[in-house]
Amino acid sequence: MNALVRWLVLGLVRLLAGAQANWQGCTPERRPRIYFANHTSHLDTVVIVAALPPELRSETHPVAALDYWGATKLRRLIATVCLNAVLLDRSGRGPGDPLAPLVDLLSRGHSLVLFPEGTRGEGTVAPFRSGLFNLARQFPDIELVPVYLENLHRILPKGTMLIVPLICTSWFGAPIRLDPDESRGAFLGRARGAVLALAERPA
């Protein structure tokens with residue numbers, strides 16, 4: 001039943017958003033990775049999961065905000081059952097390290113999908129928060145794959161639930177890694193630049 005629900009949701013997104021994947025700097029591989037992307041729409045997570053080959057989806061976990069995706073039973077169902085997501089408490093009031101569930105998944109050889117901006121933008125890429133840096137420091141050998149999601153802020157604009165049928169593309173770039181002596185600011189700026197480079201690629 002879970003597999004059927006997942007197939008229906010991902011199929012609906014492909015139909016409505018024309019979701020396409022373009023692997024520019026790497027190929028989909030069954031290895032632990034952190035995919036990090038710009039964030040402009042509630043469809044972002046679904047589109048990235050739909051872009052991955054089926055054999056990678058069971059071991060790839062989007063990181064979703066608990067305050068939104070855990071707010072109702074339907075949202076939690078979509079996040080955990082359809083998207084295989086891990087819900088992250090952004091309030092800072094929870095016990096222990098909020099990144100602990102992510103560390104556990106990476107330690108078991110799974111992959112993550114992160115949105116380092118921390119909130120949805122309006123088509124621009126905001127400065128990255130420190131979560132990506134902290135995970136890269138703990139797992140220096142894991143590939144960090146930049147992803148640029150094109151058109152999603154126009155397909156499902158912020159503040160509306162009306163989907164505008166346009167073609168969207170997930171652009172996957174070349175993996176990066178944290179340099180041993182690289183500062184947090186320098187790394188986050190370089191990671192953001194990798195996403196922007198996909199947005200500004202030649203036509």
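Reader: What is the strand order of the open sheet?

Author: Start with the general idea. Strands of a sheet pair through backbone hydrogen bonds, either parallel or antiparallel. In this predicted model, seven strands form an open sheet in the order E1-E7-E6-E2-E5-E3-E4. The pairing is mixed.

Reader: Which are the edge strands?

Author: They are E1 (20–23) and E4 (86–88). Each of them pairs on one side only. Ignoring direction, neighbouring strands are turned by 25 degrees against each other on average.

Reader: How many bridges join E3 to E4?

Author: Three. E3 covers residues 60–65, and the two strands run parallel. Look at Ala64: Leu87 in E4 stands opposite.

Reader: Which strands does H9 touch?

Author: H9 packs on the sheet and touches E2 (33–37), E6 (143–150) and E7 (169–172). The direction of H9 makes about 45 degrees with that of E6.

Reader: How do I describe two packed helices?

Author: Use the angle between their axes and the distance between the axes. Take H7 (residues 131–138) and H9 (residues 184–199). Their angle is about 105 degrees, and their axes are 10 Å apart. Angles of 65 to 115 degrees count as roughly perpendicular, so H7 and H9 are roughly perpendicular to each other.

Reader: Which residues meet there?

Author: From H7 come Leu132, Phe133 and Ala136. From H9 come Arg184, Phe187, Leu188 and Ala191. By class, this contact has six nonpolar residues, one charged and no polar.

Reader: Where is Gly189 placed?

Author: In helix H9. Gly189 counts as partly exposed because its relative accessibility is 44%. Its C-alpha atom is separated by 7.5 Å from that of Phe128, 61 residues apart along the chain.

Conventions
Residues are numbered from 1 along each chain as its sequence is written. This is a predicted model: local features need pLDDT of at least 70, side-chain atom pairs count only at pLDDT 80 or more; totals for chains, interfaces and linings use all residues. Side-chain values use heavy atoms; hydrogens and water are left out. Axes are lines fitted to C-alpha atoms, for helices over the stretch in contact, and angles run from 0 to 180 degrees between N-to-C directions. Helices (H or I, at least four residues) and strands (E, at least two) are DSSP runs, numbered from the N terminus. Angles under 35 degrees count as roughly parallel, over 145 as roughly antiparallel, 65 to 115 as roughly perpendicular and the rest as oblique. Contact means heavy atoms within 4.5 Å. Ala, Val, Leu, Ile, Met, Phe, Trp, Tyr, Cys and Pro count as nonpolar, Asp, Glu, Lys and Arg as charged, and the others, Gly among them, as polar. Buried means under 20% relative accessible area, exposed over 50%, partly exposed in between (1.4 Å probe, protein chains only). Two strands pair if DSSP finds at least two bridges between them.
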